[in-house]
Amino acid sequence: MLRTTYGQALEDLKAGTVSHVVVANAYRDIHHFYMADDIALASVFVMDTPLYGIARRADGGPLPDRPRVVTHPSPRPLVDQLLPAPYQLPEVATADSTSQAAQAVAERRYDLALTTEPAATRHGLRFISRLRPIRMVWLVFVRT
């Protein structure tokens, strides 16, 4: 069962609504899982994330030289790696997830999003950069 946020997944695990929660080790607030006294770390595995890239609306016109970019804070360094020349970054806004970043571009609040392939597809975006995964450690938590 997919949740919008890891916080919601933690609440569901504590309530017994779900039996396991898989969390990316890079999650900013992972300490909430580690410090909870009613859940435990059950397993750890390594797996690549879905492909990341910089995406725009599929129906968009020309991009400005200094496009407005949005991303989740954790993969922010990828913006500098993937943004094609000749675009320059005045600043990068943040969203709570790569899916929310894609949605913000679909809603025309930003020009570009650093997002994943599934989120880009879901929100009708197309990539303007090369794509790459992130090799990630994933954690599985259960109730104690």
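The following legends describe close-up views of a predicted model.

View 1. Five strands, written here as 5 strands in the order β5-β4-β6-β3-β7, form an open sheet with mixed pairing. At its edges lie β5 (92-94) and β7, each of which pairs on one side only. On average, neighbouring strands of this sheet are turned by 40° against each other, direction ignored. In general, the strands of a sheet pair through backbone hydrogen bonds, either parallel or antiparallel.

**View 2. The pairing of β3 with β7.** Strands β3 and β7 run antiparallel and are joined by 3 bridges. Arg 56 has its bridge partner, Arg 126, in β7.

**View 3. Helix α4 against the sheet.** Helix α4 packs on the sheet, where it touches β3, β4, β6 and β7. The direction of α4 makes about 145° with that of β6.

**View 4. The buried side of α4.** Within helix α4 (residues 98-106), the residues Thr 98, Ala 101, Ala 102, Ala 104 and Val 105 are buried. These residues lie on the same side of α4 because they cover an arc of only 155° around the axis. The elements that cover the buried residues of α4 include the strands β3 (52-57), β4 (69-71), β6 (112-116) and β7 (125-127), together with the helix α5 (117-122).

**View 5. The residue Arg 108 after α4.** Arg 108 follows helix α4. The phi of Arg 108 is positive, near 65°.

Conventions. Residues numbered from 1 in each chain as written. Predicted model: local features only at pLDDT ≥ 70, side-chain atom pairs only at ≥ 80, totals over all residues. Heavy atoms only, no water. Buried < 20%, exposed > 50% of the residue type's maximum accessible area, 1.4 Å probe, protein only. Helix = DSSP H or I, 4+ residues; strand = E, 2+ residues; numbered from the N terminus. Arc of directions from axis to C-beta. Contact = heavy atoms within 4.5 Å. Pairing = 2+ DSSP bridges. Axes fitted to C-alpha atoms, helices over the stretch in contact; angles between N-to-C directions.
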